[in-house]
Amino acid sequence: MNRDWTFVFEAAFFEILWVIGLKHSSNWGSWIGTIIAIFISTYLLICAANRLPVSTVYAVFTGIGTMGAVLAEIIIFEEPFSWIKLFLILLLLAGVVGLKMLTNEDSDEKGEAV
């Protein structure tokens, strides 16, 4: 995995944090943390999209962010669990992994395959 894909995964991690922050922030400190997470997530996503195909980067970013937010809601905030939710998360994960595997790692700075 190259550095650009690491940026995508880090951006998705911060996306999970800011999505949780949007729902659960209740004071200035947590709102400031949410805003910082939004800034870091966006910055890392832009850095990755400068060198990788934008469509794949955005799909992987939102897929990981969605999976993480749903799992965080279930594990941390005790949202109700259902098998259909788990199945759909796994289906989403399969799509993200498939997109990552089909993406050409040798792309130039415009995200086009070399």
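A residue counts as buried when its relative accessible area is under 20%, as exposed when that area is over 50%, and as partly exposed in between, with a 1.4 Å probe and protein chains only. The model is predicted, so local features need pLDDT of at least 70 and side-chain atom pairs count only at pLDDT 80 or more, while totals for chains, interfaces and linings use all residues. Residues are numbered from 1 along each chain as its sequence is written, and side-chain values use heavy atoms, with hydrogens and water left out.

Asp-4 is buried, at a relative accessible area of 7%. Its side chain meets that of Arg-51 in a salt bridge (3.2 Å, N to O); the term requires a side-chain nitrogen of Lys or Arg within 4 Å of a carboxyl oxygen of Asp or Glu. Because Asp-4 belongs to helix H1 (residues 3–24) and Arg-51 to the loop between helix H2 (28–49) and H3, the pair ties together parts that are 47 residues apart in sequence. Helices here are DSSP runs (H or I, at least four residues), numbered from the N terminus. Arg-51 is partly exposed, with 35% relative accessibility.

The structure holds three salt bridges. Another of them joins the side chains of Lys-23 and Glu-73 (3.5 Å, N to O). Lys-23 sits in helix H1 and Glu-73 in helix H3, so this pair ties together parts 50 residues apart in sequence. Glu-73 is buried at 14% relative accessibility. Lys-23 also forms a salt bridge with Glu-79, with the closest N and O atoms 3.8 Å apart. Since Glu-79 lies in the loop between H3 and H4, this pair links parts that are 56 residues apart in sequence. Glu-79 is partly exposed, at 31% relative accessibility. Shared partners join Lys-23, Glu-73 and Glu-79 into one network.

Helix H3 (residues 54–75) also packs against helix H4 (residues 83–102), at an angle of about 155 degrees and with the axes 9 Å apart. H3 is therefore roughly antiparallel to H4, a term for angles over 145 degrees. Axes are lines fitted to C-alpha atoms over the stretch in contact, and angles run from 0 to 180 degrees between N-to-C directions.

In this packing, residues of H3 including Val-60, Ile-64, Met-67 and Leu-71 meet residues of H4 including Ile-89, Leu-92 and Val-96, where contact means heavy atoms within 4.5 Å. By class, the contact of H3 with H4 has 12 nonpolar, three polar and one charged residues. Ala, Val, Leu, Ile, Met, Phe, Trp, Tyr, Cys and Pro count as nonpolar, Asp, Glu, Lys and Arg as charged, and the others, Gly among them, as polar.

Technical notes
Helices (H or I, at least four residues) and strands (E, at least two) are DSSP runs, numbered from the N terminus. Angles under 35 degrees count as roughly parallel, over 145 as roughly antiparallel, 65 to 115 as roughly perpendicular and the rest as oblique.
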